[in-house]
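Hello,

Here is the structure I promised to pass on. My notes follow below it.

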Amino acid sequence: MSSVVDFRDAVVVFNGFPALAEASIEVERGEIVLLQGPNGAGKTTLLRACAGLMPIVRGEASVLGVDLCVDRQSVRQRVGLLGHANGLFADLTISENVLFWAQMVGASEGEVASTLHRFGIDGRLAEQKVMHLSAGQKRRCALACLVVRRAELWLLDEPHAGLDAAARDEIDAIIREASSAGATVLIASHELERSRGLATRSVSVIAGRVVS
Amino acid sequence: MSAQHSLSRVARAVAAKDLRIELRSRVVINQVFPFAGLVMVMFAFALDNDDVLTRVAGGLVWLATLFSLIIIIQRSFAVDTADGALEAQRVAGLDPAGIFVGKALAVMVQLVTLEIMLFVAAVVLYRVQLNADGTVLLVTCVLSATAGLSFVGTLYGGLTAGSRGRETLLPLLMLPVVAPVLIGATRATESAFTSGGAAVSDGWPWVGVLVVFAAVFGLGGILSFGSLIEE
């Protein structure tokens, strides 16, 4: 079986600077991999490169069997990237936000309802505007959008940032559930204690290189 | 998979989402409509001459529309950029042409609603006359000019969405480009109102200009919007 993520000596240049310098990493389906390292080491760049957002200028890189050196567009529909922003529409309710993404892939209303239920954002909460939610509820809503989009590879950049302990536990449970359902997860985090407990493997990103 | 993110599916979802956000927030209804109405009233105070007002009514309506367009476009992209939703759509590989068409459709609906209010205000405040032939010309002019304005607005809204100083950059870039719409729509509207001795038939060539303008920018937007919102 081919790897979900397979980077070999990949180089990504950002603002004239090699943000990824001959980085190599291989991730198998269902793994939860923690990317750890100091600020500016290239963790976010690696996630964005996996999402097809940054061009690979040298080396080899494939995600979900798509060669990113040739095609960076088609992989995007199968990948979910959650960065510091949640990517939600503040004036819409939770259910409307999730339905928006469900429409894109033709997911049924039943699928949306079951996802909202699984994430604990159903019932009256689902009819709340996103602008009135707590940080943890917004994060759960954003992750629910990834689920209805049927993202096969989750790329999470500091998913615990700004959340209290209870909300962090909820996010961890969602990530574990997604992994057991077949999704592959890459997490860039400074929350090493928590993320190590969650991850099946951790690697370090240092000066644009991946160190096992 | 790409068929699932088809242009029409994305366009419908984006247009419905933008209109739903507007209905919820009522920014256009509560702020832009009163602003445009106020502009019409202020013009009436400033010119204070029925003959002059009747002659320039068409131009005033379209000027008020242009000013309002700037606010509508800024609002349309502000709701998408506030929490990274525009980037989320790009990252998810949604067809950028679908995003462009959807956002332009939502802007069109808001603009047409605004223009109906402005033309009613012109009839009441400026006492312009409108016969049956003029009404047909006016409706065609409104639809074609609105399409052109919405396409250009959405295109430049996407271009400036992620930039610093976008509030001032958008009008600086967009207004010179929509000058042909202002000229064409004003001439066609003057003909529809038969103001200044113009005949209704004089307005149809200007409508042709508006249709060509809308077609060029509609096609241009569909082809280039992806590159504009891409890093």
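How many residues does the contact take from chain A and from chain B? Each chain gives 24 residues, where two residues are in contact if their C-beta atoms, placed from the backbone, lie within 7 Å. On the side of chain A that touches chain B, helix α2 (residues 94–105) of chain A supplies the largest share, five residues. That side divides into eleven nonpolar, eight polar and five charged residues (Asp, Glu, Lys and Arg count as charged; Ala, Val, Leu, Ile, Met, Phe, Trp, Tyr, Cys and Pro as nonpolar; the others, Gly among them, as polar).

Before going on, please note that this is a predicted model: local features need pLDDT of at least 70 and side-chain atom pairs 80 or more, while totals for chains, interfaces and linings use all residues. Residues are numbered from 1 along each chain as its sequence is written, and chains are lettered from A and ligands numbered from 1 in the order in which they are written.

Chain A also has an open sheet of six strands, ordered β6-β7-β8-β3-β9-β10, with mixed pairing. (Strands are DSSP runs of E, at least two residues, and helices of H or I, at least four, numbered from the N terminus; two strands pair if DSSP finds at least two bridges between them.) β6 (79–82) and β10 (209–211) of chain A stand at the edges with a single partner strand each, so one side of each lacks a neighbour in the sheet. Within the sheet, β3 (residues 32–36) and β9 (residues 201–206) of chain A pair in the parallel sense over four bridges, and Val33(A) stands opposite Arg201(A) in β9(A).

Best wishes
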